[in-house]
Amino acid sequence: IELLPDRTNEVIRCIIPHLVDLAGDNCGCRVVQRLFERYSVDILAPLVDEVLKHSASLATNQYGNYVVQNILEAKRPEHISRLISNFKGHFYNFSMHKFASNVVEKVIRAADGYEQQIIFNEILGGNEDDSSYNHGKSSNKRYKEDRILNMIMDQFGNYVMQRIIEFGSESQQNTIANVVYNNYDTLITINFAKHVISKLEEIGFQF
């Protein structure tokens, strides 16, 4: 890869059939990453397509998550859209996963405002404008509060929650702040939760 750039396409063709195994291996992933370090995603298009195809499983892998992050660093809208589509239904669990949470954070940073709302609504448990929530259906409200609490108290989820506070709507910020307010005495004793409390205080909330 380093000394024979004219044979890059040949290397890519050799890697593609074994991409998942290589990307998920501590040595193999370095070979794949070296390609991303030296060449643009345009040159690596067939490899990028293969990574995107298996992105949901790679995101949760100790080594594969770094390969997915390599693609995200290019910040191509078409790649972000595919990742969001592939992660749909997994965002909440991925947010509290040791490896996938890093990928989710990068997806949030790279996504546009509309895409961020898709992600945030899934994580928080539905659209904040959902009438069943706003008209006080207690079971739905409890469901959302439990999800938010789990994220705030989680060693990985709290970082994704901070990104929601950073990039989310005022309504979403208020929803999270209300959960913190209602559970403040417990949350202030949990180190991971303190990060979220500090993030809310940075934007003007008081507890």
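Predicted model: local features only at pLDDT ≥ 70, side-chain atom pairs only at ≥ 80, totals over all residues.

Q: Which residues is Ile-12 in contact with, leaving aside neighbours within four places in sequence?
A: Ile-12 is in contact with Ile-43, Leu-44, Pro-46 and Leu-47. Contact means heavy atoms within 4.5 Å. For Tyr-181, 169 residues apart from Ile-12 along the chain, the C-alpha atoms are separated by 52 Å.

Q: How do you know whether α3 and α6 are roughly parallel or roughly antiparallel to each other?
A: Look at the angle between the axes of helix α3 (residues 28-38) and helix α6 (residues 64-72): they cross at roughly 5°. Angles under 35 degrees count as roughly parallel, so α3 and α6 are roughly parallel to each other. On the α3 side the contact is made by Cys-29, Val-32, Gln-33 and Phe-36. On the α6 side it is made by Tyr-66, Val-67, Asn-70 and Ile-71. The two axes come within 10 Å.

Q: What makes residues three or four places apart in an α-helix point the same way?
A: An α-helix has 3.6 residues a turn, so residues with that spacing point the same way.

Q: Is Val-68 buried or exposed, and how do you know?
A: Val-68 has a relative accessible area of 1%. Val-68 is found in helix α6. Not counting residues up to four places away in sequence, Val-68 touches Val-51, Ser-55, Leu-58, Ala-59, Leu-83 and Val-103. Val-68 and His-54 are 14 residues apart in sequence, and their C-alpha atoms are 9.3 Å apart in space.

Q: What makes Lys-75 buried or exposed?
A: Exposed means over 50% relative accessible area. Lys-75 has 56%, so Lys-75 is exposed. Lys-75 is found in the loop between α6 and α7 (77-87).

Q: What can be said about phi of Lys-75?
A: Phi of Lys-75 is near 55°. That is a positive value in a residue other than glycine.

Q: How do you know whether Ile-80 is buried or exposed?
A: Ile-80 has a relative accessible area of 2%. Buried means under 20%, so Ile-80 is buried. Ile-80 is found in helix α7. Leaving aside neighbours within four places in sequence, Ile-80 is in contact with Leu-72, Ala-110, Ala-111 and Glu-115. Ile-80 and Asp-112 are 32 residues apart in sequence and 9.1 Å apart in space, C-alpha to C-alpha.

Q: What does Ile-84 count as, buried or exposed, and why?
A: Ile-84 has 7% relative accessibility. The cut-off for buried is under 20%, so Ile-84 counts as buried. Ile-84 is in helix α7. Among the residues in contact with Ile-84, leaving aside neighbours within four places in sequence, are Phe-91, Val-107 and Ile-118. The C-alpha atoms of Ile-84 and Leu-187 are separated by 30 Å.

Q: Why is helix α13 called mostly covered?
A: Helix α13 runs over residues 157-167, and eight of its 11 residues are buried. Those buried residues are Gly-157, Asn-158, Val-160, Met-161, Gln-162, Arg-163, Ile-164 and Ile-165. They pack against several helices, including α8 (91-95), α12 (138-153) and α16 (191-202).

Q: How many helices and strands are there in the protein chain?
A: There are 16 helices and zero strands.

Q: What share of the contacts in the protein chain with a separation of 6 or more comes from residues 24 or more positions apart?
A: Such residues account for 68% of those contacts.

Q: What part of the protein chain is made up of buried residues?
A: Buried residues make up 43% of the 207 residues. The accessible surface of the protein chain comes to about 10,600 Å², and 48% of that surface belongs to carbon and sulfur atoms.

Conventions: Residues numbered from 1 in each chain as written. Heavy atoms only, no water. Helix = DSSP H or I, 4+ residues; strand = E, 2+ residues; numbered from the N terminus. Buried < 20%, exposed > 50% of the residue type's maximum accessible area, 1.4 Å probe, protein only. Areas by Shrake-Rupley, 256 points an atom, 1.4 Å probe, with all protein chains shown as cover. Axes fitted to C-alpha atoms, helices over the stretch in contact; angles between N-to-C directions. Parallel < 35°, antiparallel > 145°, perpendicular 65-115°, else oblique.
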